[in-house]
Each structure stands twice: as C-alpha cells, then as structure tokens.
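Please read it alongside the sequence and the coordinates.

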Amino acid sequence: PPPQLPIGQQSLMGHEAVGLLAAVSASIPSNPVRQFQLLYCAWIATSMLLHMRRYDRFYQWFYSSGIGLASKRGLGAHPSKLYGIFTPPTLTPLQLRWTGWAFTGCLVGACTPLAPRVFLFVAFLLYFFYFTQLYADATLSGHNSILIPAMLLLLSCSPSLDHEVQSSSVWPLQLIRVYLSSGYFSSGMAKLLCSFRFGRFWGRGSTLQQYILEAMFSRPSQLKLTRAVQWGLLKRPWLLAPLATGALAFELSFVVAPFFGRVAPAFCVGGIALHSGILWLQGLDFVSLWSASLLAFAFPLGASWDELLHLGLQHELAWFLPAASYTALQILAAVTLYDLWLDDILPFSCCPMFMPPRSPFDKLPKWQMMTTAPLNESVRRAGAMEPLYWSPVSGVFELTLEDIRKLPQKVVWFGSTCGMPPEALKFVKEEYRSKPFLMFSNFELSAELKALLHQWVDWIHAGTPESAHDPGTMHKTLRLQQDCLDAFRACVSARPARLPPSETEASSSSSAIKRE
C-alpha cells in the first residue's frame, strides 16, 4: 500500500486548502456590476487579441486599395456618421494598430483597481476611432460591434466601480439590461411588421431556409459536419419552423427581461445560444463582440428594477442622469424603429436584421455571390472583406465596376432583381431593376460556371413557395448549389491567386470585368 501522511500533517494541508479557497473567494468582487465589468472587458479584450492581427492586415489593404469605400469611415454598411452627426477621422494603418492596442489596454486596465472608470471611458472614446475604420470587415460590418460603446459608457458611470467610493449600487446593470432588451424587442417587432407587409409569417421554416441557403453561397463552411447539418435542415423545413418561431418569440419576450430577475439568466443563455447557432449555420459572427453584453443578465441584482433605478436617481444623480439619458435615446430609436424608416444613427439602433419573411422560391429578388478570401482564407473569420453588402447593382451599397477590379478576392455576383418591393427600389440602380438575370465578376468565368449560374436562377424562378417544403426539390436545389460552388472553386484554381494591389500590379486583362 502507498505510504500515508501522518494525520496531523493531513489536517494541516486541509486547513491550508480551505484557507486558499477562502482567499480566492474573498478576491472575487461581490458587486454584480464589477463582476459583469470584469467578464465583459476580459471577453472583448480576448477577442481583440485574437483578431487584431487580421484586422491590421485587412486595413493595410483597405487603406491603400483605391476603392470608393476606402474613402469613407463610420459604422454600419453605409457607413453612417456616429449618432447620425459626427464623421470619424481616417487613421493610417500604423495609427489603427496603436489605437487597437490602446483600446485593448484600457479594457485590461479597467480590470485593475486603478481607476477602472477612467479606463472604461477612454475605451469608449477609442472605440469610435478604431471600429469606424473597419466597417468593411466581414466580422465588424453591420451591427456586430455597436453594443460596445453603450456597455463602456454605462459602466463608466457606475460609482460602485470606484475603489475609493463606498458604493454598492447596481443600477447601471439594470440600465444595461433595459438598453439590450430594447434592441432585441424592436428587432422582433420589425420582423412582425414585415410579416404583415408581405402576408407571410416570419416564423415559417422557409424563412430560415432562404437565409441559410444564401449564407451557403456567400459564407460557405469548410466543415463537413456543418454542411451536413445545413443540408439536413434545409430539406426539413418543419425542423426550422420551431427554430424560427422560437427565435422570434425570444426576441419579443425581451420586453420583460429587465423586469423579472428570476428569468434573467435564461436570456443570457438563450441569447448566446442563438448567436452561436447563427455563427454556425450562417457564418455571421455575433459571438466575438456582441454576445458578451448578454452576461449582464447572468447576475442577480438583489432588488426590484424600480428600487434600483430609484436608488440611482436619489443618491447618485450626477452619474445616473447621463447613463439614463443615453439609455433613453436608445429606447427612442428602438420603439420608433428609427433606422428602419429613416436612416442609421448607429450605435443607436432598432436592429432591423433578417426582417423579410422569405422562401428560396418566393417571388422577391434573389441576389447571391461567391468569393475567395486571399487576405485571411475564410470569409467567416476576421480580416476578410464583408462579402454580401456591396455590389455593382446597388446605388446605396455600391462597388463600381472600377472598384471591383481592385479587389484582392475573386468574386462573382449573380441573381435576379424581378419582384422588387417598392421599399427596396432605392437599393438598386434603375438600369438594373426588373432584370431576370444579372451577373458580374472580376475574373474570367468558365462556360460551365456561367451555365450553372443561369440554371440556378431559372430553377429558383420556376419554383413556388410550396416547393421549399418538398424534400426532393430541396435536395435538387442543394445539389445544384454545390455544383455552382464546385465550378467556382475550379475556376478560381485555374488562375493564379490574386494578391492585393499593394503587393502586385494587376494587369487590365487579369482584372477585367465580366458582365452579362
């Protein structure tokens, strides 16, 4: 038998272990605002450390690319001015790198006892210098990063984070919950309104069919398991229907999330699960930066929402008023659906994402694209240009014919603009409206690929919304899509990889625009 320690020594080691656990437990802050702030800053800082090198490489190309988009700065795909008012400055690649490190350093500094609120406020300011340069990145375009300034500003208004101030107030966490809930609820309401507008319930399985099918063109996964799951779900819309309906109900139920503390952790878990599923099936990353905010629902606050807000108003008015005012502006943007009817005022937003109820065979326009990602090897990761927003067809999200010659990636856009609803006409140039087939590329396409793209558009036009519920029809659709992807890859492989213009001079013949 192995030798045994004397009983006295065993007892001594047991006491030491208990003492160590007690010391670790004592080092964990008891205030939920500090707990959330530590986890949030650690999450965002980790994401920055993982992705900054890719951001730097992307911006190195983007800054010197010469495309029209490179002259703009802001948030969202337009991009928009900050709060609809301020135009951010343009940074050089070196300035971007140092700003990114400064932003990350502030997040780390906020996790120390040394003036965390100062670090949080400086990080809030640096956000607008850094992320506005990267609006064209695949993981930062759209709304992916817009919650960061709100989290940082509201936390910087929290007196309980000051080591010198004997405050245990948690009202900032309550305001953060209200802020987040307004965006989710308004996003659900936008989907409901579109259901009435188009006469189809958003929660039908065909809606997710279309959005996943679209992503399989623009953001294809290289994992066999992911593709197998996508194929299985798209052939069984009855499995997607509860997922779509559940997602819609989840967004709408956020209206009660800030007011019932016992169910708050469910919104944290459910939200992270929702965005993880979107990342897996559609390649849209709302996990790296967005989902960290949902941790605000993970901690018990110890009092009712109205008591928390009353305490802030009564005892910490100087910090409560700016935080509450900022939150109220977001609520106003959300309940009025401001950026749905009017224009972007990011980072305030009603989050109008994936709004129309769709079907792979509906009569609305279908616009697809396939692209390579020479800057980082995958459009699902940071460091690639956002693949879907911009094209030669759009007057709002425009890439001119001259611009697409300068792209480092090989790309082809194709589809139909027939069936354009009046609300969407502004997004398509007049000369490209009501066209049964359009195709653009910045490299030579094979005859096989051209034929397959025509076949795809004809096949989609020939179907009816009911076709999406037929497993045989969906199998043929998926098989045809895979043939298009395979022919695209074969076409790409037949030519040398294209490098960014900063690294090589592309001849006019090798970057010619092909249009039909």
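A residue is called buried here if its relative accessible area is under 20%. The model under discussion is a predicted one.

1. Aromatic pair Tyr83–Phe128. Tyr83 and Phe128 are both buried. Their rings form a tilted aromatic pair, with 5.8 Å from centre to centre and 55 degrees between the planes. Tyr83 belongs to the loop between α2 and α3, whereas Phe128 is in helix α4, so the pair ties together parts that are 45 residues apart in sequence.

2. Aromatic pair Phe254–Phe297. The ring centres of Phe254 and Phe297 are 5.8 Å apart and the planes stand at 75 degrees; the pair is therefore edge-to-face, given that angles over 60 degrees are classed in this way. Phe254 lies in the loop between α9 (237–253) and α10 (264–282), and Phe297 in the loop between α10 and α11 (305–315). The pair thus links distant parts of the chain, 43 residues apart. Both Phe254 and Phe297 are buried.

3. Aromatic pairs and cluster. The count of aromatic pairs comes to 37. One aromatic cluster includes Tyr83 and Phe128 from the first point, together with Tyr55, Phe103, Phe121, Phe124, Tyr127, Tyr130, Phe131, Tyr179, Tyr326 and Phe348.

4. Packing of α2 with α4. Two packed helices are described by the angle between their axes and the distance between the axes. For α2 and α4, the axes come within 13 Å and cross at roughly 35 degrees, and the crossing is left-handed. On the α2 side the contact comprises Arg34, Gln37, Cys41, Met48, Met52 and Tyr55, which meet Pro116, Leu120 and Tyr130 of α4. By class, the residues of this contact divide into 7 nonpolar, 1 polar and 1 charged. Tyr55 and Tyr130, which take part in this contact, also belong to the aromatic cluster.

5. Which residues of α5 are buried? They are Ile148, Pro149, Ala150, Met151, Leu152, Leu153, Leu154, Leu155 and Ser156. Because 9 of the 9 residues of this helix (residues 148–156) are buried, α5 is largely enclosed by the rest of the structure. Its buried residues pack against α2 (32–63), α3 (93–109), α4 (116–130), α6 (171–198) and α12 (317–335).

6. Charges over rings. The charged end of Arg197 is placed over the ring of Phe198, 4.7 Å from the ring centre. Lys410 lies over the face of Phe443, at 5.9 Å from the centre of that ring.

Notes. Residues numbered from 1 in each chain as written. Predicted model: local features only at pLDDT ≥ 70, side-chain atom pairs only at ≥ 80, totals over all residues. Heavy atoms only, no water. Buried < 20%, exposed > 50% of the residue type's maximum accessible area, 1.4 Å probe, protein only. Helix = DSSP H or I, 4+ residues; strand = E, 2+ residues; numbered from the N terminus. Contact = heavy atoms within 4.5 Å. Axes fitted to C-alpha atoms, helices over the stretch in contact; angles between N-to-C directions. Left-handed = near helix turned anticlockwise from the far one by under 90°. Nonpolar A, V, L, I, M, F, W, Y, C, P; charged D, E, K, R; others polar. Phe/Tyr/Trp six-rings, centres within 6.5 Å; stacked < 30°, edge-to-face > 60°. Lys NZ or Arg CZ within 6 Å of the ring centre and 35° of its normal.
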